[in-house]
Amino acid sequence: MTLLTDRRRFLHTAAGGSALLGLGSQMAFLRGVPAVADEQASLDPSTVRLDPHVEPLVRLLEETPRERLLEAVAARIHEGLNYRDLLAALLLAGVRNVQPRPSVGFKFHAVLVVNSAHIASLASPASERWLPIFWSLDYFKSAQAQDEREGDWTMAAVDESAVPPAHKAAAAFRDAMDRWDEAAADAAVAALARSAGSHEVFEIFYRYGARDFRSIGHKAIFVANAERTLATIGWHHAEPVLRSLAYALLMHEGRNPAEHDLAPDRPWRENLERAARIRNDWQHATADREADAAATAELLDTLRTGTVDEACDLAVEVLNRGVNPQTVWDAAFAGAGEVILRQPGIVALHAMTSANALFYAYQTSGNDMTRRLMLLQGVAFVPLFLDAARARGRVADRQIEAVAEAVDPQDTAPELDDVFAEVNRDRHRAAAMALHYVKAGGRAEEVIDAARRLVFLKGRNSHDYKFSSAVLEDYYNITPAWRDPYLAAGFMYFRGSEESDNALVERTRAALST
């Protein structure tokens with residue numbers, strides 16, 4: 001069975017699944033409002049422009065006070081506002097009003113989280129798809145207020161006199177990005193948005209999103225999320241989004257990276273040379289389950305203890321042996337999951353969310369060299385995240401294969417309610433219980449559905465959505481042998497059932513029920 005088939009099965013199962021953990025009754029307030037149909041959550045191929053009311057909707061989001069926004073949007077929904085237009089307005093309001101500086105993160109998560117909320121919506125029953133978007137609306141207002149306190153940045157108009165002609169746009173953009181020239185890149189990307197299609201544009205952006213480790217993976221995350229959201233809201237919204245994206249990718253501290261050999265840039269530069277050494281037929285390896293499993297184990301062991309150079313050199317070596325590239329991704333995903341097992345926290349969770357973004361670029365790119373580079377950067381980021389974790393304090397000696405050791409396999413399999421209740425007491429034990437639950441015959445889809453619903457009800461920050469959407473999606477991007485341990489690692493940041501509901505749930509309930 002292909003990964004694509006598994007993904008489709010997951011979306012079907014999650015959207016039609018029964019209520020878990022007794023949460024169904026808490027969603028009853030959504031039954032009185034229009035459901036978000038599949039055709040609203042995806043782009044009609046014949047659509048070339050948004051509804052003419054979308055720009056006023058952006059202004060509504062920008063100008064309505066935070067304490068009244070959910071109610072104002074709910075009123076518009078009752079009047080017929082559709083999901084896709086609201087999603088478009090939410091993204092555009094973010095890129096126009098929130099600066100992706102000083103780091104591509106922090107308040108800029110108001111933009112980064114839009115696609116994660118959208119993914120959560122798509123994977124939910126149609127009647128519940130408004131919940132992540134309403135949470136994101138409120139989060140945008142919080143980020144907008146923070147941006148105002150920090151100087152009230154607003155995206156300026158393009159300097160039209162500097163915009164290159166269409167036939168020079170791509171070359172001008174690459175040149176500006178290579179020189180880390182913000183003004184030139186801004187003008188060039190405007191020309192690119194006006195003259196090229198999405199596939200051509202993002203083939204360029206994949207590399208710039210992955211080329212450095214500044215902002216702990218947020219650059220690659222923004223590239224993937226921007227492409228995925230534009231695929232839903234329409235390419236005619238691309239220009240301001242791409243301008244924000246280019247500006248974010250050029251974030252650096254101090255010296256111009258084009259003129260210095262700086263640590264955050266070194267793995268990429270060295271991987272450019274390594275990528276050229278990979279055999280030409282690397283994507284057409286003959287499946288050999290035993291050899292592939294051995295290669296994954298060997299690479300994972302190096303990711304635990306080795307340097308970036310050692311890990312990336314080994315990745316090239318195993319690919320040149322003829323193993324399936326998926327085995328390298330399995331090691332990268334497992335290694336990322338192990339980082340958060342070893343030091344649960346805000347830095348470690350980005351090992352998993354950035355792996356999701358790099359794999360998306362790898363999977364979507366049609367360029368052989370780009371795919372090589374995404375794979376090698378996926379490997380490189382794991383030891384970089386381990387180093388970042390060590391800089392924050394103690395890193396425990398834990399291995400992802402050993403998650404189950406916290407539970408006696410002879411014990412009776414836990415109920416799913418017990419698994420998520422344990423999150424609030426002992427996350428490592430909850431991870432082991434989740435693995436025990438699945439191995440004893442419980443369906444992983446039930447765990448996934450419950451984890452997502454708890455984010456809807458209990459989530460309080462952008463990472464709840466970013467992390468859960470990435471991990472639950474990547475369950476299907478990993479070889480089956482690694483899926484359950486990877487899902488178990490997610491319990492280091494999933495929400496537990498014993499937490500209080502987010503105050504926005506009741507407010508959303510009231511707004512949509514009127």
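**Figure 1. What helix α19 packs against in this predicted model.** If you want to pick them out in the viewer, the buried residues are His428, Ala430, Ala431, Ala432, Met433, Ala434, Leu435, His436, Tyr437 and Val438. That's ten of the 13 residues of α19, so the rest of the structure largely encloses this helix. As for its length, α19 covers residues 427-439, and at 1.5 Å a residue it should span 18 Å; the C-alpha atoms at its ends are 18 Å apart, so the two agree.

**Figure 2. Helices α4 and α6, side by side.** Two packed helices are described by the angle between their axes and the distance between the axes. Here, α4 (residues 83-97) and α6 (residues 130-149) have axes that cross at roughly 20° and come within 10 Å. With angles under 35 degrees counting as roughly parallel, α4 and α6 are therefore roughly parallel to each other. The crossing of α4 past α6 is left-handed. On the α4 side, the contact uses Tyr83, Leu86, Leu87, Leu90, Ala93, Gly94 and Asn97. Facing them from α6 are Trp130, Ile133, Ser136, Leu137, Phe140, Gln144 and Asp147. Sorted by class, the α4 and α6 contact comes to nine nonpolar, four polar and one charged residues.

**Figure 3. Helices α2 and α3, packed at about 155°.** This view shows α2 (residues 54-63) and α3 (residues 66-78), whose axes are 9 Å apart. Anything over 145 degrees counts as roughly antiparallel, so that label goes to α2 relative to α3. As α2 passes α3, the crossing is right-handed. From α2, Leu57, Leu60 and Leu61 do the touching, and they meet Leu69, Ala72, Val73 and Arg76 of α3. By class, that gives six nonpolar residues, no polar ones and one charged.

**Figure 4. Zooming back out to the whole predicted protein.** How many helices and strands are there in the protein? The tally is 23 helices and zero strands. Of its 514 residues, 60% count as buried. Now take the contacts between residues at least 6 apart in sequence: 82% of them join residues at least 24 apart.

Terms used: Residues numbered from 1 in each chain as written. Predicted model: local features only at pLDDT ≥ 70, side-chain atom pairs only at ≥ 80, totals over all residues. Heavy atoms only, no water. Axes fitted to C-alpha atoms, helices over the stretch in contact; angles between N-to-C directions. Helix = DSSP H or I, 4+ residues; strand = E, 2+ residues; numbered from the N terminus. Parallel < 35°, antiparallel > 145°, perpendicular 65-115°, else oblique. Left-handed = near helix turned anticlockwise from the far one by under 90°. Contact = heavy atoms within 4.5 Å. Nonpolar A, V, L, I, M, F, W, Y, C, P; charged D, E, K, R; others polar. Expected span 1.5 Å × (residues − 1). Buried < 20%, exposed > 50% of the residue type's maximum accessible area, 1.4 Å probe, protein only.
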